[in-house]
Structure formats: C-alpha cells, structure tokens
Amino acid sequence: MLRTPQAAKYLNISASTLNKLRLVGGGPRYAKLGKSVVYDPADLDAWVEANRRTSTSVAA
C-alpha cells in the first residue's frame with residue numbers, strides 16, 4: 001500500500017492532483033486506514049488502464 005505522496009510519484013502526478021481527484025471523484029480507488037489514505041498499486045494500474053486514450057479528439 002502506498003500513501004498519497006508515494007502514489008503520486010508512482011503515477012507521475014502531483015500529490016495535490018491526487019488529493020483533488022479524491023475530493024471530486026474520478027481518481028483511483030483508495031482506502032482510509034485511520035487518518036491515512038492509502039492506495040493499492042494494482043488499483044493505480046487499473047485506473048491508468050481505464051483512462052487510456054487513442055486520440056485527443058475522443059471524449060473521456
């Protein structure tokens with residue numbers, strides 16, 4: 001399990017972007033363990049796979 005800073009580095013995005021995605025939705029699955037937010041690397045990989053695009057003109 002990765003905490004937010006490590007998950008952001010794994011995804012090559014900022015931790016603040018990951019925090020915003022968690023707030024508004026649309027980000028990878030996460031778990032709350034007490035006050036800590038953690039991410040499973042398999043869920044991060046699945047989120048990346050689900051967001052693959054073949055063209056910039058294809059709507060998300």
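At what angle do the axes of α1 and helix α2 (residues 15-24) cross, and within what distance do they come? The two axes cross at roughly 105° and come within 8 Å. Axes here are lines fitted to C-alpha atoms, for helices over the stretch in contact, with angles running from 0 to 180 degrees between N-to-C directions. The helices α1 and α2 are therefore roughly perpendicular to each other. Angles of 65 to 115 degrees count as roughly perpendicular, those under 35 as roughly parallel, those over 145 as roughly antiparallel, and the rest as oblique.

The model is predicted, with local features requiring pLDDT of at least 70 and side-chain atom pairs pLDDT 80 or more, while totals for chains, interfaces and linings use all residues. Residues are numbered from 1 along each chain as its sequence is written, and side-chain values use heavy atoms, with hydrogens and water left out.

The chain has three helices and three strands. Their pattern along the sequence is β-α-α-β-β-α. Helices (H or I, at least four residues) and strands (E, at least two) are DSSP runs, numbered from the N terminus. The C-alpha trace spans about 40 × 20 × 15 Å along its principal axes. Of the 60 residues in the chain, 22% are buried. Buried means under 20% relative accessible area, exposed over 50%, and partly exposed in between (1.4 Å probe, protein chains only). Among contacts (heavy atoms within 4.5 Å) between residues at least 6 apart in sequence, 42% join residues at least 24 apart.

Helix α1 meets α2 through T4, A7, A8 and L11. The partners in α2 are A15, L18, N19 and R22. The residues of this contact divide into five nonpolar, two polar and one charged. Ala, Val, Leu, Ile, Met, Phe, Trp, Tyr, Cys and Pro count as nonpolar, Asp, Glu, Lys and Arg as charged, and the others, Gly among them, as polar. Leaving aside residues up to four places away in sequence, A8 touches I13, S14, A15 and L18.

The pairing of α1 with α3 has its own geometry. The axes of α1 and α3 come within 11 Å and cross at roughly 40°. These helices are therefore oblique to each other. Their crossing is right-handed, with the near helix turned clockwise from the far one by less than a right angle (left-handed if anticlockwise). From α1, the residues A7, Y10 and L11 meet P41, L44, D45, W47 and V48 in α3. The residues of this contact divide into seven nonpolar, no polar and one charged.

The largest nonpolar core has nine residues: L2, A7, A8, L11, L18, V37, Y39, L44 and W47. Such a core is a set of buried Ala, Val, Leu, Ile, Met, Phe, Trp, Tyr and Cys residues joined through side-chain atoms within 4.5 Å. At least two core residues come from each of α1 (4-11), β3 (36-39) and α3 (41-50). Helix α1 gives the largest share, three residues.

Two further sites complete the description. R3 lies in strand β1 (residues 2-3). R3 touches S36, V37 and V38, not counting residues up to four places away in sequence. R3 and A15 are twelve residues apart in sequence, and their C-alpha atoms are 9.8 Å apart in space. N12 sits in the loop between α1 and α2. N12 has a positive phi of about 65°, although it is not a glycine. With a relative accessible area of 70%, N12 is exposed.
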